[in-house]
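Good morning, colleagues. Today I would like to speak about aromatic contacts and the charges that accompany them. Please look at the sequence and the structure before I continue.

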Amino acid sequence: MGAVSPRAPRHPVSPRAPRHPVSPRATRHSALLLRLYLVSFLDLFAVSMVIPLLSRHIRLLGGSATVAGLVGSVYGLLQLFSCTIIGSWTDVVGRQNVLLITLILSGFSYSLLGLSSSIPLLILARILTGLFKHTQSILKALLADLIPEHERPQVMGRLSAASKVGFTLGPVLSGYLVELDGGFYTTSFICCFLFFVEAGVVWRLPYEEWLHIPAKELHLTTEINCETKCTTSWKENIKNSTTDPAVRITNGVARHKILNSLWSQCLSVGENIKGLIQSNLWNIFLIRFLMTLTSLLYYSNFVLAIEERFKVTPRLIGYLISYGGIIGVLSSFIVGSVTRLYNDKMILLLLHSSILTCCMMMMYSVATSLQVVVLCSTALSFSTTVGRMCIIDMELSQGGRQARGTLIGASQSVTAVARILAPLLSGIVQEFSVCGPPRLGAALALLAIFLMTSIQSKLSKPTEAKVKLH
């Protein structure tokens, strides 16, 4: 009898695909991004601890409601002008250096706020904060330097989620601290300490090691270029000077270099802003302004409108606001997946999210039940979060490498204008109807939609809208 051949297995086992281990470099890069998320979280966590208590502290110091409004207006106006200047400065000397300086100065401003025993001292503290509190905008520009373009929406979404979580949790802690003796001062010094912690994290960042763009191509005035400009200017001053050489030497070469370096930085900042003014990015800024104003009109009278229209308790209104915040955080986490569904066509995604915002604003203005309000709140939290991420990505894509800080700073200035106008417009429209602000917001969103459709082909070509610098 012949040998029996072995029976072949009925279902052959396919070899398992080998797992690719995560490289140490990818692990370190993820750790770097986590540090930046931590800075974003701590930033708004610290701020949101103090801001809800500020009006109460002003009243304890003897200030009126008008003084409280004036303090808020001073901060908003300073942010309006300083955002673009600080953003342009990051393009000139580097984002990590400017972020470190602004964090330290912001920490000192909040410590001064904690020590304030009079209204003038408190206003001085808020002036310093308005000039130097730009953590979120610098972080966005810094992240854009560290990640490739196709990863930007997802990473920016996570950064936004971290900041929203911090902004939500901060008032919870401050609510307990304010009940203690000297609660405002304790809260202010905790805020100051957190800013110094952020500065320590930023100081230890290996920023330049992870740039996917060379630093000399990224910043307009690197240390070498700045030194070259300063040396050339200093030599020209010596050549044209009639002073004795010995006297010139005693004045010190270093002092001339420092002065010329600062002057060179100021000139570069001015050139950046001039290039931004002459660019054709104002369509994007106008879209940002209209959609930001739409969102602010919705939130500006939300509490008053819900209470008056549906006769609900303040506790339920608080739950609705918290629910909207949770939806916003979740939307920030999934914005990267949504952009991939659209094949990174940001203008199309922005158009669809704006249409959803417009429809939900109209539905909210005519809602007759609380269930419809919850539906509108859910959709609006999602659409406004996605739209905001789209606008940020479009600004960074259209602006080029060397103008990121200037662009993001200018966009924050545009947002500041909307924040100044929203309460005024909301108050005027509410004189006619409690549903007036969301209806006005829907009209503004519709105007932004018409603008997007008219310039869609232009915005889809990044090379046509680059900011011209030098």
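Let me begin with the criterion: rings of Phe, Tyr and Trp, the last by its six-membered ring, pair if their centres lie within 6.5 Å. The model before you is predicted. By this criterion, Tyr298, Tyr299, Phe302 and Tyr364 form one aromatic cluster. A search of the whole structure finds nine aromatic pairs.

I turn to the individual pairs. The ring centres of tyrosine 298 and tyrosine 299 are 4.8 Å apart and the planes stand at 70°, so this pair is edge-to-face. The angle qualifies because planes over 60 degrees apart count as edge-to-face. Tyrosine 298 has a relative accessibility of 3% and counts as buried, whereas tyrosine 299, with a relative accessible area of 45%, is partly exposed.

Tyrosine 298 also pairs with tyrosine 364: their centres are 5.1 Å apart and their planes lie at 75°, so this pair too is edge-to-face. What does the pair of tyrosine 298 and tyrosine 364 tie together? Tyrosine 298 belongs to helix H12, residues 282-300, and tyrosine 364 to helix H15, residues 346-365, so the contact ties together parts 66 residues apart in sequence. Both tyrosine 298 and tyrosine 364 are buried.

Finally, the charges. Which residue lies over the face of tyrosine 364? That residue is arginine 309, at 5.3 Å from the ring centre. Elsewhere in the list of contacts, arginine 204 lies over the face of tryptophan 203, at 6.0 Å from the ring centre.

Thank you for your attention.

How values were computed
Residues are numbered from 1 along each chain as its sequence is written. This is a predicted model: local features need pLDDT of at least 70, side-chain atom pairs count only at pLDDT 80 or more; totals for chains, interfaces and linings use all residues. Side-chain values use heavy atoms; hydrogens and water are left out. Rings of Phe, Tyr and Trp (its six-membered ring) pair if their centres lie within 6.5 Å; planes under 30 degrees apart count as stacked, over 60 as edge-to-face and the rest as tilted. Buried means under 20% relative accessible area, exposed over 50%, partly exposed in between (1.4 Å probe, protein chains only). Helices (H or I, at least four residues) and strands (E, at least two) are DSSP runs, numbered from the N terminus. A charge sits over a ring if NZ of Lys or CZ of Arg is within 6 Å of the ring centre and within 35 degrees of the ring normal.
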